[in-house]
Amino acid sequence: MSDAQQRKAALAHTFSLVAEEYDARNGGFFNPVGARLVTLARPAPGQRVLDLGCGRGAVLFPAAEAVGPGGAAVGIDLAPGMVRRTAADAAARGLPQIRVALGDAERPAFPDGSFDLVLSSFAVIHTPDPAAAVAAAHRLLAPGGRFGYTAFGPDRDERWAEPTARLAAFAAGPERARGRLRAAALNRLAGDPAAAADLLAEAGFTEVRSTEHEAVSHYRDPQAWWDALWASGRRSVLEAIPAERLPQARRAAFAALAPLAGPDGLTRRTAIRYTLATRPARGQAKGPKTGPTAPGAAAASGPAGTAPSAPRPPAAPRAPRPR
């Protein structure tokens, strides 16, 4: 198995394990970010939206509401557990415009030009080959369509890096640790905004704009933070720690959290980067890439609804249950 395949397997493993509690423990952070990405992308009624790495639907559900029953909101994810739970949620909410299936952001199995918008919140930043994922998004968009994704920026208080750094120090031997920590690895799309803009331009995107907005996580106490960690992608860090060392690792992390505590618990403020880019319309010459904007600046102008109507994507295949 190649390194890329191992990383994808680690992602699928980790996010399947956390699928049941993911939304309850971490939805307060991820859902507003996903909703904001949809707001910035401005899907119109009747449009077709693809969510790469849909997780528990932070982007998928607000996108489905925006496009309405005459549109389509399709979500793909590497993790069978996420696919199963999100498909069940969509059925329970009575949203027939949603389809969810297993799928790889680097090789989504849809015809060219199938979507008006391709979105991804905290997913394409993990894929081993970000150039392939960006090229796939460009291929799947109708001319004039837009691609948007989110990435983590810095914490407003740098001390928030210390608790997870202390946990990582308790990881097992190098080989096991490398395998377990693959799911937490980030790629070029998550790094310097200028480098990410270059990657998008290389794929043929124009009008690249990045904005920042603060997201807030609140934990009533260190135990709530610990529980949220187990129900997130950071579970891979915890799984790299031998079971007999977990109590000691937990105490070390809690000691690092102590200076961050306030009268109402723990509050973490993180800058989130929202990036939008456009596939040029037919006959439109590719202009120079546009660099990232200052934090808080407006997103790229021009409604997403100007994209020509794309053929409706085929029905998503039935996702197999995890073994």
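Me: How many residues apart are R235 and E239 in helix α9, and what does that separation come to in helical turns?
Reply: They are 4 residues apart in α9, which spans residues 235-239, so about one helical turn separates them. Keep in mind that the model is predicted.

Me: What do their side chains do?
Reply: R235 and E239 meet in a salt bridge, 3.5 Å from N to O.

Me: Are those two buried or exposed?
Reply: Buried, both R235 and E239.

Me: Which residues are joined by salt bridges that share partners?
Reply: K8, D104, E106 and R107 form one network that way.

Me: How many salt bridges does a search of the whole structure find?
Reply: It finds 17. One of them pairs the side chains of R56 and D89, with N to O at 2.7 Å.

Me: Where do R56 and D89 sit in the chain?
Reply: In distant parts, 33 residues apart. R56 is in the loop between β1 (48-52) and α2 (60-67). D89 is in helix α3, residues 80-93.

Me: R56 and D89, buried or exposed?
Reply: R56 has a relative accessible area of 8%, so it is buried. D89 is at 17% relative accessibility and therefore counts as buried. The cut-off for buried is under 20%.

Me: Which residue forms a salt bridge with D221?
Reply: R220 does. The closest N and O atoms of D221 and R220 are 3.8 Å apart. R220 is exposed, at 60% relative accessible area. D221 is partly exposed, at 28%.

Me: What else does D221 do, at the N-terminal end of α8?
Reply: D221 caps that end. A side-chain oxygen of D221 lies 3.2 Å from the backbone nitrogen of Q223.

Me: Stay on α8. Which of its residues are buried?
Reply: A224, W225, W226, A228 and L229. The helix covers residues 222-230.

Me: What covers those buried residues of α8?
Reply: The cover includes α1 (3-41), α5, β6, α9, α10 (246-257) and β8 (265-278).

Me: Switching to aromatics. How many aromatic pairs does the structure hold?
Reply: It holds 14.

Me: Take F15 and Y22. Why is that pair called edge-to-face?
Reply: The ring planes of F15 and Y22 stand at 65°, with centres 6.3 Å apart, so the pair is edge-to-face. The angle cut-off for that label is over 60 degrees. F15 and Y22 are both buried.

Me: And W160 with Y219, why is that one tilted?
Reply: The planes of W160 and Y219 are at 45°, with ring centres 6.3 Å apart, so the pair counts as tilted. W160 and Y219 link distant parts of the chain, 59 residues apart. W160 is in the loop between β5 (141-155) and α5 (161-168), while Y219 is in strand β6, residues 206-219.

Me: What are the relative accessible areas of W160 and Y219?
Reply: W160 has 2% and is buried. Y219 has 12% and is buried too.

Me: Which residues form one aromatic cluster with F15 and Y22?
Reply: F29, F30, F122 and F152 complete that cluster.

Me: Which rings have the charged end of R36 or R93 sitting over them?
Reply: R36 sits over the ring of Y274, with its charged end 5.7 Å from the ring centre. The charged end of R93 sits over the ring of F61, 3.8 Å from the centre.

Me: Now T150. Where is its place, and is it buried or exposed?
Reply: T150 is in strand β5. Its relative accessible area is 0%, so T150 is buried.

Me: What does the T150 side chain make a polar contact with?
Reply: The side chain of S121, at 2.9 Å.

Me: Leaving aside neighbours within four places in sequence, which residues are in contact with T150?
Reply: V33, L37, S120, S121, F122, I125, I272, R273 and Y274.

Me: Last, the whole chain. How many helices and strands, and what share of residues is buried?
Reply: The protein chain has 10 helices and 8 strands. Of its 323 residues, 51% are buried.

Me: What share of the contacts with a separation of 6 or more comes from residues 24 or more positions apart?
Reply: They account for 87%.

Technical notes. Residues numbered from 1 in each chain as written. Predicted model: local features only at pLDDT ≥ 70, side-chain atom pairs only at ≥ 80, totals over all residues. Heavy atoms only, no water. Helix = DSSP H or I, 4+ residues; strand = E, 2+ residues; numbered from the N terminus. Buried < 20%, exposed > 50% of the residue type's maximum accessible area, 1.4 Å probe, protein only. Contact = heavy atoms within 4.5 Å. Phe/Tyr/Trp six-rings, centres within 6.5 Å; stacked < 30°, edge-to-face > 60°. Lys NZ or Arg CZ within 6 Å of the ring centre and 35° of its normal. Polar contact = N/O pair within 3.5 Å; in protein donor to acceptor, adjacent residues only side chain to side chain. Salt bridge = Lys/Arg side-chain N within 4 Å of Asp/Glu carboxyl O.
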